[in-house]
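I opened a notebook page for this structure. The entries go from the whole chain to single residues.

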Amino acid sequence: MTSSESRSSRPLASPPALQHTVPEDILGVIVGTFIAGLGLYILEHTGGVTGGTAGVALLLTYATPLTLGPIFVLVNIPFYLLAWWRKGWKFTLKTVASVGALAIFTEVNAWLIPLGDIDPIYGTVGGNFLLGVALIVIFRHGSSLGGFNIVALIAQEQFGLRAGYVQMCLDLMVVLMAFAVLAPAFVALSALGAVTLNTVLAFNHRPGRYQA
């Protein structure tokens, strides 16, 4: 084999991943949090629960007179320290911005999008589909919605565990907490929603994919 043939038979090196620009990241976070806001709004309207700190915030709205947006911001505060320590200040600032944007969208949706009756199963599955797609968009732009997202991303990037499976285990705790607030039928729907959300993540957000 000649040297030219040897060179031609070598696998070509993958081109370096193109980094997102600042405007792309800003638009990505806005789009992702908007979609997530719709998903949470549908879940809140159907009386369901999802996983993560969003699910904790929903449970607290059922148990207290507070609205979803402010509660969601408050329950995420402890996780910002973990994000700063393990993921850096850029990721943390993007996460703070994402959580704030989602809190705003959840409040705006309640004013501008009146909803009628929604089938609970359809609303639970559809709301969690929207949340799963939203999280993929947000992850792709170096951000998160705080809380369990941060833990799941750290587990994926540093230990090779899929973010969706890690978050699914954490979300089971939220579903179990729902027994204190919701009827068993709604808890079962919440479990279905958590599985739906994390299946979307596990199948579409894997280590080594979509690096940008």
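The notes below record what I looked up, in order.

**Entry: the model.** I noted at the start that this is a predicted model.

**Entry: overall build.** I counted the secondary structure and found nine helices and zero strands in the protein chain. Read along the sequence, the pattern is α-α-α-α-α-α-α-α-α.

**Entry: burial and surface.** I looked up how much of the protein chain is buried: 44% of its 212 residues. The chain exposes about 11,000 Å², and carbon and sulfur atoms supply 72% of that area.

**Entry: contacts.** I took the contacts between residues at least 6 apart in sequence; 73% of them join residues at least 24 apart.

**Entry: the core.** Which residues touch the most other members of the largest nonpolar core? I found L40, F72 and L145, in a core of 45 residues. Helices that each supply at least two residues to this core include α2 (22–46), α5 (89–112) and α9. With seven residues, α4 gives the most to this core.

**Entry: L40.** I then listed what L40 touches, leaving out residues up to four places away in sequence. The list reads T50, A54, L58, L68, L102, T106 and L131.

**Entry: A191.** I located A191 in helix α9, which covers residues 184–204. Is A191 buried, partly exposed or exposed? I recorded it as partly exposed, because its relative accessible area is 28%, and partly exposed runs between the 20% limit for buried and the 50% limit for exposed. The C-alpha atoms of A191 and V175 are separated by 6.0 Å, and the two residues are 16 apart along the chain.

Methods:
Residues numbered from 1 in each chain as written. Predicted model: local features only at pLDDT ≥ 70, side-chain atom pairs only at ≥ 80, totals over all residues. Heavy atoms only, no water. Helix = DSSP H or I, 4+ residues; strand = E, 2+ residues; numbered from the N terminus. Buried < 20%, exposed > 50% of the residue type's maximum accessible area, 1.4 Å probe, protein only. Contact = heavy atoms within 4.5 Å. Areas by Shrake-Rupley, 256 points an atom, 1.4 Å probe, with all protein chains shown as cover. Core = buried A, V, L, I, M, F, W, Y, C linked by side-chain atoms within 4.5 Å.
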